[in-house]
Amino acid sequence: MMSEEKKDPWLNYLALSTVTLAVCATLSTFKGGGYSTRSIISQTQASDQWAFFQAKSVKANLYQLQKEKLALDLWALPANSSPELKQHFEQALQDYGSKVAKYEQEKTQIQQKARQLENERDQAQRHSKPFGLAVIFLQIAILLSSIAGLFKRKPVWYAAWPMGLIGAVYFADGFFLFM
């Protein structure tokens, strides 16, 4: 019968703490990646909205220029022009004016949507950063714990605790944004 090497009881706690750190690091990676993706998607959608806003601005400007030209043309009509012609110009002026107003209203809605998407992007970035920092500190703690277990050095495991604690604080901050 072979003699078994006696296992130090602290090694069980080391294993448990290392697994806990690894789970937190994995969750931090997933959550941070999710928020990073959300940030990129929101930025892309906001950019699309701003491009849409610019397109509406160009259209509104074209109708405004056409309206101004028609107003000048109406003003330049000879006095003996037919009432139907003047009415046609006035109707066209009114139509162009309503189109300009419509585009201005649409621009306001588009601008609000773009700003909302930018806020979503900013929020996602605020969540993503602490998760990224958590991963760094948790990985350092896992590394130190692994070394402590490999060489059976309890002081090295104790050195992992502050790193793990900092990582855990950043991990929680990723959810709650208290820092």
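Reply: Lys-69 and Asp-73 sit 4 residues apart in helix 1, so about one helical turn separates them. A helix here is a DSSP run of H or I with at least four residues, numbered from the N terminus. The side chains of Lys-69 and Asp-73 join in a salt bridge, with N to O at 2.8 Å. That term means a side-chain nitrogen of Lys or Arg within 4 Å of a carboxyl oxygen of Asp or Glu. Side chains of opposite charge can pair when their charged atoms come close.

This is a predicted model: local features need pLDDT of at least 70, and side-chain atom pairs count only at pLDDT 80 or more, while totals for chains, interfaces and linings use all residues. Residues are numbered from 1 along each chain as its sequence is written, and side-chain values use heavy atoms, with hydrogens and water left out.

Now look at accessibility. Lys-69 is partly exposed, at 45% relative accessible area. Asp-73 is partly exposed too, at 27%. The cut-offs, with a 1.4 Å probe and protein chains only, are these: buried is under 20%, exposed is over 50%, and partly exposed lies in between.

Move to helix 2. Lys-107 and Glu-104 are 3 residues apart there, again about one helical turn. Their salt bridge has its closest N and O atoms 3.3 Å apart. Lys-107 is buried, at 13% relative accessibility. Glu-104 is partly exposed, at 35%.

Glu-106 and Lys-56 form a salt bridge through their side chains, 2.6 Å from N to O. Glu-106 belongs to helix 2 (residues 83–151) and Lys-56 to helix 1 (residues 10–76), so this pair ties together parts 50 residues apart in sequence. Lys-56 counts as buried, at 11% relative accessibility. A search of the whole structure finds 4 salt bridges.

Helix 2 also packs against helix 3 (residues 154–176), at an angle of about 160° and with axes 7 Å apart. Axes are lines fitted to C-alpha atoms, for helices over the stretch in contact, and angles between N-to-C directions run from 0 to 180 degrees. Helix 2 and helix 3 are therefore roughly antiparallel. Angles over 145 degrees count as roughly antiparallel. By class, the contact of helix 2 with helix 3 has 21 nonpolar, 5 polar and 1 charged residues. Nonpolar covers Ala, Val, Leu, Ile, Met, Phe, Trp, Tyr, Cys and Pro; charged covers Asp, Glu, Lys and Arg; the others, Gly among them, are polar.

Note on methods: Helix = DSSP H or I, 4+ residues; strand = E, 2+ residues; numbered from the N terminus. Parallel < 35°, antiparallel > 145°, perpendicular 65-115°, else oblique.
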